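Let's take a walk through this model together. Have the sequence and the coordinates open as you read.

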Amino acid sequence: MYSAFGNEDLFNSIAYQFVNNSNASFSCKSWVMKASQQHVEDVYYLNTVFSGQSAQTRAGAINEFQGKMVNMLFPALNKACNP
């Protein structure tokens with residue numbers, strides 16, 4: 001999912017396929033959907049608030065969003081999906 005960051009359709013497709021086609025626990029599926037929703041919000045924010053900003057400012061925002069995803073959501077997701 002990390003490599004799909006910025007590609008909203010691909011990111012969400014991966015999340016939905018996982019949730020629909022796996023026998024993972026509810027907690028695991030819930031964290032996958034939370035990551036998907038956060039990604040949608042991050043992309044929306046980049047396309048609205050940061051749309052007129054410089055490339056450097058946008059790059060900083062992208063790094064911040066990715067960092068939060070990797071450092072906060074993915075560890076919880078990994079823990080829930082790998083008991």
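## Overall layout

What pattern does the protein chain follow, read along the sequence? The pattern is α-α-α, with three helices and zero strands in the protein chain. Helices here are DSSP runs of H or I with at least four residues, strands are runs of E with at least two, and both are numbered from the N terminus.

Please keep in mind that this is a predicted model, in which local features need pLDDT of at least 70, side-chain atom pairs count only at pLDDT 80 or more, and totals for chains, interfaces and linings use all residues. Residues are numbered from 1 along each chain as its sequence is written, and side-chain values use heavy atoms, leaving out hydrogens and water.

The C-alpha trace of the protein chain spans about 45 × 20 × 15 Å along its principal axes. Of its 83 residues, 28% count as buried (under 20% relative accessible area with a 1.4 Å probe, protein chains only; exposed is over 50%, and partly exposed lies in between). Among contacts (heavy atoms within 4.5 Å) with a separation of 6 or more, 59% come from residues 24 or more positions apart.

## Helix 1 against helix 2

Helix 1 and helix 2 pack at an angle of about 165°, and their axes are 9 Å apart. That makes helix 1 roughly antiparallel to helix 2, a label for angles over 145 degrees. The axes are lines fitted to C-alpha atoms over the stretch in contact, with angles from 0 to 180 degrees between N-to-C directions.

Helix 1 contributes Glu8, Phe11, Asn12, Ala15, Tyr16, Phe18 and Val19 to this contact, while helix 2 brings Cys28, Lys29, Val32, Met33, Ala35, Ser36, His39, Val40 and Val43.

## Helix 3 and its bend

Helix 3 covers residues 55-81 and bends by about 35° at Leu73, with a proline, Pro75, following within four residues. The bend is the angle between axes fitted to the seven residues ending at a residue and the seven starting there.

Which residues of helix 3 are buried? They are Ala61, Phe65, Gln66, Met69, Leu73, Phe74, Leu77 and Ala80, and they pack against helix 1 (8-21) and helix 2 (26-48).

## A look at Phe74

Phe74 sits in helix 3 and counts as buried because its relative accessibility is 17%. Phe74 and Ala35 are 39 residues apart in sequence, with 7.7 Å between their C-alpha atoms. Ala35 also belongs to the helix 2 side of the contact with helix 1.

Terms used:
Parallel < 35°, antiparallel > 145°, perpendicular 65-115°, else oblique.
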